[in-house]
Amino acid sequence: MNGTIRVGNLFGIPFYVAPSWFLVLGLVTWSYTSGLATQFPAWGSLLPLLLGLTTALLLFASVLAHELGHSFVAIRQGIEVKSIALFLFGGLASLEKESRTPSEAFWVAIAGPVISLLLFGLLTAINASVPLLAPFAAVVGTLAYVNLALALFNLIPGLPLDGGNILKALVWKITGNSEKGVVFASRAGQFIGWLAIASGLIPLVLFGSFGNFWNLILGWFLLQNATRTAQSATLQSTLKKIKVADVVNFDSPIVSADLSLREFADESILGHGKWERFLVTDLEGQLVGTITLDALRMVPSSRWAQTQVRELMQPIEASAIIQSEQSLLEAVKILEQQQRSTLPVIGENGVLVGLLEKAAVLRLLQKRVQAPA
């Protein structure tokens, strides 16, 4: 996962950490160790270090609990959680797909902040009711307010934050269009990103102050991610308006099941070296399977005239076929999920139309991007 390090599974979900996580772990450990050593000099150096490291790990455990909140709600909706990753600015639960309705999207988005608020309440109650030694009470109090800050920060209404996903769900509910929700929440995220950048840049330029430098970095992170999300929503909107039939390759590798292997080799292979896999149709033009060149090579050429294509063809899964009237967005999702480069395309009557190539989709999108407005 883009340079991250897998450290195991959590409830069956792959768990990763980015290299930047170790930097933040070290900085947080050093910060709390220094504070505890100053506040409790009689402890020496080892105990503050151990307590500082424990505090840092518990802070990241809070972030992890936040992401697990999103994950468990998504799983209950039948959505696979592909991974959870911790990085410089917190955590991210990567979901297989979007929720089906705006209300379901809302509950996935709000689950993380709710978990953080519950942890804040629990830790605050522990600190108020359990007699702890001063150092441990300080750690529990810190964890409580970090969870409060985590919840409130993530509720800022702009993508990629949870508040942005909540805003997206609300706009989706009002307009009935999920892409409009994504674009609106992304624009809000870009605005917040620019505000954060300005709040860090203005003091730096006017007064030479680095006091808000962290805002500059955080703003850049928000701006970049919100921009990518907006671009992705625009792309999905474009793909949804285009039908598979508009991109299908009618000059596709199609052969009849009744051909002999000799006829297949002479008519479809000789002089046509592009294809390794061919779609097989019956007399009505219905897709009945596929045949590969490897299958042909397994039969001695002396038997090609007596052997028909149908004897070597393999069945094709229904999930690997798409209707010509479906949107290109649906086709792209199948290509990505099944890691395919092509999809057979059939018409409403079940007759094979041709082949959809992933490369053709990319060429179409490139033309759309390059076309003058």
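**Sheet and helix packing**

Three strands form an open sheet in the order β5-β6-β7, with mixed pairing. Strands here are DSSP E runs of at least two residues and helices are H or I runs of at least four, both numbered from the N terminus; two strands pair if DSSP finds at least two bridges between them. The model is predicted: local features need pLDDT of at least 70, side-chain atom pairs count only at pLDDT 80 or more, and totals for chains, interfaces and linings use all residues. Residues are numbered from 1 along each chain as its sequence is written, and side-chain values use heavy atoms, without hydrogens and water.

- β5 (254–256) and β7 (287–292) are the edge strands, each pairing on one side only.
- From one strand to the next, the twist averages 35° (axes are lines fitted to C-alpha atoms, for helices over the stretch in contact, and angles run from 0 to 180 degrees between N-to-C directions).
- Five bridges join β6 (residues 277–281) to β7 in the antiparallel sense.
- Opposite Arg277 stands Thr292 in β7.
- Across β5, β6 and β7 lies helix α8 (residues 261–269), which runs at about 120° to β6.

**The helix pair**

- Helices α2 (residues 46–76) and α4 (residues 134–154) pack at an angle of about 30°, their axes 10 Å apart.
- α2 is therefore roughly parallel to α4 (angles under 35 degrees count as such).
- The residues making the contact (heavy atoms within 4.5 Å) include Leu51, Leu58 and His66 of α2 and Phe136, Val146 and Asn154 of α4.

How values were computed: Parallel < 35°, antiparallel > 145°, perpendicular 65-115°, else oblique.
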